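Visitor: I am new to this structure and would like to know how its parts get their labels. Please show it to me first.

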Amino acid sequence: MNQTEQKKFFSQHLLEWYMHNKRDLPWRRHRNPYYIWVSEIMLQQTRVDTVIPYFHRFIERFPTVEDLADAPEQDVLKCWEGLGYYSRARNLQTAAKQVKEHHGGQVPDDKQSVFALKGVGPYTAGAVLSIAFNKPEPAVDGNVMRVLSRYFLIEEDIMKGSTRSFMEGLVVELIPEGRASDFNQALMELGALVCTPKSPHCLTCPVMEHCSARLEGVEESLPVKTKAKPPRPEFRVVALVEGSGEHAGKVLIRQRPQEGLLARMWELPHVQVPQSRSGRLPDEPAMDILAGALLEEGITARPTGYMMDAEHTFSHIHWNLQVYSCREEELTLAAETKAVYTLEHEVEDAEPIHRWICEEDMARYAFPNVFLKIIREYFNGKQTAG
DNA sequence: AATACGGGGAG
DNA sequence: CTCCCAGTATT
């Protein structure tokens with residue numbers, strides 16, 4: 001069998017398989033370009049099972065492009081809370097404003113306009129154009145590269161841009177006339193259900209008999225991919241400040257900076273500490289550093305004791321968190337402490353925004369998972385103790 | 001071309 | 001535990 005025949009076989013049998021085996025997914029129930037766009041953004045780096053409940057909540061809260069464009073950013077982040085890569089949510093709303101402004105609220109169907117949307121790159125542009133509008137554009141994600149690298153025995157590193165470009169050209173050749181939507185989804189569906197990263201289910205694969213990697217017995221060692229650097233460790237000391245007086249029963253949170261990691265989300269006040277040789281810092285110096293950091297931030301509270309440890313791994317950083325209970329100082333004492341402190345130190349500019357919140361208020365602020373876990377633990381403990 | 005940017009699932 | 005997943009923006 002020559003290569004042309006191998007390609008034809010692949011396209012025909014894969015498409016046939018998909019039409020009988022495709023999953024019933026929420027964004028497949030209508031051909032609504034907005035639904036497809038939202039789902040594709042959510043599905044970046046994220047599994048289908050994780051996305052489904054978020055997708056339902058998101059569409060219920062923001063049924064149309066215009067609803068999303070007009071919403072407060074904090075509402076959008078709250079809806080994305082726990083899903084990760086929050087720049088996707090911020091960019092999606094920016095793009096919704098672009099669509100409202102320049103395309104009358106209708107998702108554009110030309111390559112130039114779709115690609116110009118914030119957060120839409122080569123993959124997502126191809127996915128929206130093909131899935132929503134049946135345009136013969138490639139949508140090459142990790143699933144597609146895995147399937148193609150095996151079937152055609154492509155041993156180039158898939159992390160290289162040149163490899164992805166090659167795959168895009170290949171997909172354009174493979175798309176059956178007029179079937180871009182189903183074919184691109186078929187490619188990804190095969191990668192998700194059959195041609196899996198580890199122990200692929202070759203015996204149920206519709207194109208196994210002409211799969212080059214399978215015929216060579218090397219399907220498990222493809223695709224070739226350089227592995228990522230391990231995340232660097234960081235140690236941080238965190239304050240769970242319990243309010244006094246008018247803030248009784250509340251805890252103190254602050255908003256993260258406008259840019260960078262977890263931008264504009266909310267968190268517990270904390271400070272990074274140098275990594276000691278033994279790893280974690282003993283309680284005494286940790287609480288001392290924390291006390292100074294709180295004062296520096298204009299918070300009149302003092303650490304009272306150890307509460308818990310928490311860990312969180314981002315793709316590039318590993319956080320080791322030591323959480324300490326702290327107590328807000330009474331007003332008169334606080335004023336005195338603050339007065340003495342400001343006499344001895346330069347006053348900080350650009351202080352972060354702080355809020356005192358009770359358990360119910362958590363529904364109105366978007367937190368990264370690790371702080372959600374700590375704050376919930378605190379309120380649960382309160383409930384049990386009280 | 002290299003780095004920043006979250007969070008889950010499988011074994 | 002360890003390993004895997006892998007799009008877009010920025011520089």
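What follows is a set of questions about the terms used for this structure, with answers.

Visitor: What should I know before reading any value?

Guide: This is a predicted model, in which local features need pLDDT of at least 70, side-chain atom pairs count only at pLDDT 80 or more, and totals for chains, interfaces and linings use all residues. Residues are numbered from 1 along each chain as its sequence is written, chains are lettered from A and ligands numbered from 1 in the order in which they are written, and side-chain values use heavy atoms, with hydrogens and water left out.

Visitor: What makes a space a pocket, and what makes it a cavity?

Guide: Both are found on a 1 Å grid over the protein atoms alone. A cavity is a set of points where a 1.4 Å probe fits but cannot get out, while a pocket is an open set with protein on both sides within 12 Å along at least five of seven lines. Lining residues have an atom within 4 Å of a point. Grid points are joined across faces, edges and corners, and the volume is the space filled by probe spheres set on the points.

Visitor: How much space lies in the largest pocket, and which residues lie nearest its centre?

Guide: The largest pocket holds about 1,600 Å³. Its lining has 41 residues, and Leu43, Gln45, Asp141, Gly142 and Asn143 lie nearest the centre. Helices H2 (33–43), H3 (48–61), H8 (122–133), H9 (142–151) and H11 (180–193) each give two or more residues to this lining. H11 gives the most, with 5 residues. Helices (H or I, at least four residues) and strands (E, at least two) are DSSP runs, numbered from the N terminus.

Visitor: How are the lining residues of the largest pocket divided?

Guide: They divide into 17 nonpolar, 13 polar and 11 charged. Ala, Val, Leu, Ile, Met, Phe, Trp, Tyr, Cys and Pro count as nonpolar, Asp, Glu, Lys and Arg as charged, and the others, Gly among them, as polar.

Visitor: Why is the second largest pocket said to lie between domain 1 and domain 2?

Guide: Domain 1 (3–221) and domain 2 (232–385) both give residues to the lining of the second largest pocket, so this pocket lies between them. The domain bounds come from an automatic or database domain assignment. About 460 Å³ of space lies in this pocket. Among its 19 lining residues, Gly84, Tyr85, Tyr86, Leu262 and Phe314 lie nearest its centre. Helix H6 (87–103) and strand E5 (301–313) each supply at least two residues of the lining.

Visitor: How many residues of the two domains are in contact?

Guide: Contact means heavy atoms within 4.5 Å. On that basis, 9 residues of domain 1 are in contact with 17 residues of domain 2. The domain centres, taken over C-alpha atoms, are separated by 40 Å.

Visitor: Which residues come nearest to DNA strand B?

Guide: A residue is near a strand if one of its heavy atoms lies within 4 Å of it. There are 19 such residues around DNA strand B, and Gln45, Tyr86, Leu262, His312 and Asn369 come nearest. Of the atoms of DNA strand B that come within 4 Å of the protein, 60% are accounted for by sugar and phosphate.

Visitor: What makes a pair of atoms a polar contact?

Guide: The pair must be N or O atoms within 3.5 Å; within protein, one must be able to donate a hydrogen and the other to accept it, and residues adjacent in sequence count only if both atoms are side-chain atoms. A polar side-chain atom of Asn369 lies 2.7 Å from a phosphate oxygen of DNA strand B. On DNA strand C, a base nitrogen is 2.7 Å from an N or O atom in the side chain of Gln45.

Visitor: How many cavities of 30 Å³ or more does the search find?

Guide: The search of the whole structure finds 1. The largest cavity has a volume of about 110 Å³. Its lining has 16 residues, with Arg150, Cys195, Cys202, Cys205 and Cys211 closest to the centre.

Visitor: What joins Leu222 and Pro223?

Guide: A cis peptide bond joins them, with omega about 0°. Pro223 lies in the loop between helix H12 (212–216) and strand E1 (232–242).
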